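Hi,

Here is the structure I said I would pass on. Have a look at it first, and then read my notes below.

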Amino acid sequence: MLEAIILTIITAATPLLLAATGELVVEKSGVLNLGVEGMMVMGAVAGFAVTISTGSPLLGIVGGAIAGMLVSLIFAFVTLTLVANQVASGLALTLFGLGLSGLMGESFVGQPGIKLQSLHVPGLTDLPFVGKILFGQDLLVYLSFAAVFGVSWFLNRTRAGLILRAVGDNHTSAHALGYSVIGVRYLAVIFGGAMAGLGGAYLSVAYTPLWVENMTAGRGWIALALVVFASWIPWRAAIGAYLFGAVTVLQLHTQALGIGFPSQFLAMLPYLATVIVLVAISGNRRATLFNTPSSLGKSFVPDR
Amino acid sequence: MKKLALLAGTALALAIGAVSGASAADKLKACWVYTGPIGDFGYSYQHDQGRLAVEKELGDKVETAYVENVAEGPDAERVFERFAREGCGIIFGTSFGFMDPELKVAKKFPDVKFEHATGYKSAPNMGLYNARFYEGRYILGQIAAKESEKGLAGYIVSFPIPEVVMGINAFMLGAQSINPDFKVKIVWVNSWFDPGKEADAAKALFDQGADIIVQHTDSTAAIQVAEERGLKGFGQSSDMIKFAPKAQMTAIVDDWGPHYIKSVKAVLDGTWKADDVWEGIKDGTVHMAEYTNMSDETKKLAEETEAKIVGGWNPFTGPIFDQDGKERYADGVVAPDADLLGMNWYVKGVDDKLPQ
């Protein structure tokens, strides 16, 4: 039973973790992209379409990532090159993504998808209890963890990561030092788009192999909240995503067990947990400020 | 003489022009408001199929319009009002949660005709229509009780509205008619449409021992989980056999086309009046997808029950007891429609507390 619950939690948490990790890098570079939901849903439709057309879920995932990158490029062009307001552009990106994906996906409605196969390592996967959890997941689950470690290492241990953080903390100084603020931010936004696209593709290729409009159902917004929840630290985003997945799945289990809680209250729990943790974190102001990218959401115009 | 003929011809042409001009202006605009995306392949999709059936049947006599993805509740009012102002002759609100906003707009626009699905409030210019889905759910209950090895079904539901409660009760009555000890586990996902959550709920229910899944939510996610696990379930709103060729035993398919055609025709003829239409399997509004993936015995039973329902028998025929063991309907008493449409109690044997 516990094994089954953990397996379900992993699938519920993975799309959130993928998208949140991407957005974390974007925000660390000082850009606030509220269009995660739109990029995710584009990744979902592209992932499904490519999977159906080619018969390969792996290609579908790549397609999802590319679709996420392409729409994020629109956002980057509008906010970085044309210096439009980031909040408004991000919201517009979400609406745009939801609409365009519906249009693109029209002919795929009502078609069964192909599910991304899980890993099977003979011997290891068959181990009792831990076998399936550790060695029987699909590629994207491992990728989501690799991304957390990779991003952590990149931000804290590499020169490029240091530059990215510098751009996010004080774009004027970074510019004065000769770094291309706009260039760094372009790359960060595109990375975020690819990760959100992967998260979306996970939904339509691995989680529930089907395409329906709006199938992300708000997960992009949760990924955004997770970034703040994690106070811009990758491993905390992983904890947040799993906590959120766990509360979502456990509330379904407690209902099925017939524990007499009102279901509306249980459905509220994941969000309540997010709020509580946010409050708890913000109690430590210095640590919070330390991690918050100071230039977050501010447009940059080089003064030459 | 020649001149006269020419004149007559011109007059005739003018007259024809006038007539066709008038008919273009008289073209009826029929409008639909959907709660989900029409791409949900479930509830809203089926309503849209009904709209397309109207277009096909009545051709250039009508013009149709729709808005999808309209949130239930006060926000829907704007959509209804816009349609009313845009010159829609008849507006269909297709979901329970549109009831109050639609009624409000209907009162404001007495010349526009309104129809609301699955609700219970009406007005002189707002009729009601619904489908007796519970007839299908009774059959699902019988099939589940016959085919389940553990005597336990998982039931995924959206919101505690009468339509949904009625479905659970009909399902249980059907199941208990075969196996009096049949149990059901109920999970509320508080959404009509979130494939991920529906899949998680299905997994949770299967993990807790259910071997049949029933859903009153709109996507194919739950039945796909059943397929993956080699267990059984039912399609909802649409025939979902393509998604679960080995798991779907049957599906309750909504076919709104005949009703929409009838209503729109009535508006065209000027015979429309605010009705309360509640049609079921007999009228073709509710249609059972092919019975498959079950034993021949179960299939025969399902077909017999379907025939019995077509013959006029109501699954809500007493004796029916509620959860506390109180007798609600005595032996042979048929529950009146008004009771069904306001149903807010569970029948005996449902092990869940109804969210109030």
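Let me start with one residue in chain A. L124(A) has 14 C-beta neighbours inside 10 Å, so it counts as partly exposed; being buried would take 20 or more, and being exposed 12 or fewer. You will find L124(A) in the loop that runs between α4 (86-104) and α5 (130-135) of chain A. If you skip its neighbours within four places in sequence, L124(A) is in contact with G131(A) and F135(A). As for V167(A), 43 residues separate it from L124(A) in sequence, and the two sit 44 Å apart in space, C-alpha to C-alpha. Do keep in mind that this is a predicted model.

Next, where the two chains meet. On the chain A side 34 residues are in contact with 31 residues of chain B. Four elements of chain A each give two or more residues to that side: α1 (2-28), α9 (181-207), α11 (234-257) and α12 (263-282). Which of them gives the largest share? That is α11(A), with seven residues. Sorted by class, the side of chain A that touches chain B has 19 nonpolar, 13 polar and two charged residues.

Now over to chain B, which has eleven helices and 14 strands. Its C-alpha atoms fill a box of roughly 90 × 40 × 40 Å along the principal axes. Of its 356 residues, 50% are buried. Looking at contacts in chain B with a separation of 6 or more, 64% are between residues 24 or more positions apart.

Between them, 13 residues of domain 1 of chain B are in contact with 13 residues of domain 2 of chain B. On the domain 1 side, helix α2 (residues 43-58) of chain B gives the most, with three residues. That side of domain 1 of chain B is made up of six nonpolar, five polar and two charged residues.

Does its length fit its residue count, or what span should we expect? At 1.5 Å a residue, its 16 residues should span 22 Å, and the end C-alpha atoms of α2(B) are 23 Å apart, which agrees. Its buried residues are Y43(B), S44(B), Y45(B), Q46(B), H47(B), D48(B), G50(B), R51(B) and V54(B). These buried residues of α2(B) pack against strands β1 (28-33), β2 (62-67), β9 and β10 of chain B, and also against α9 (257-269) of chain B. After α2(B) comes G59(B), with a positive phi near 50 degrees.

Then there is the sheet. Six strands of chain B form an open sheet in the order β7-β6-β8-β9-β10-β12, with mixed pairing. Its edge strands, β7 (183-188) and β12 (286-288) of chain B, each pair on one side only. On average, neighbouring strands of this sheet are turned by 15 degrees against each other, direction ignored.

With β12(B), β10(B) pairs in the antiparallel sense over three bridges, and D254(B) has V286(B) in β12(B) as its bridge partner. With β9(B), β10(B) pairs in the parallel sense over four bridges, and there G235(B) stands opposite A251(B) in β10(B). Strand β10(B) is mostly covered, with six of its seven residues buried. Helix α5 (residues 133-147) of chain B lies across β6 (152-157), β8 (212-216), β9 (232-237), β10 and β12 of chain B, and runs at about 175 degrees to β10(B).

β4(B) pairs with strand β3 (residues 90-93) of chain B in the parallel sense over four bridges, and G93(B) stands opposite H116(B) in β4(B).

Over to you now.

Terms used: Residues are numbered from 1 along each chain as its sequence is written. Chains are lettered from A and ligands numbered from 1 in the order in which they are written. This is a predicted model: local features need pLDDT of at least 70, side-chain atom pairs count only at pLDDT 80 or more; totals for chains, interfaces and linings use all residues. Two strands pair if DSSP finds at least two bridges between them. Axes are lines fitted to C-alpha atoms, for helices over the stretch in contact, and angles run from 0 to 180 degrees between N-to-C directions. Two residues are in contact if their C-beta atoms, placed from the backbone, lie within 7 Å. Ala, Val, Leu, Ile, Met, Phe, Trp, Tyr, Cys and Pro count as nonpolar, Asp, Glu, Lys and Arg as charged, and the others, Gly among them, as polar. The expected span of a helix is 1.5 Å times one less than its number of residues.
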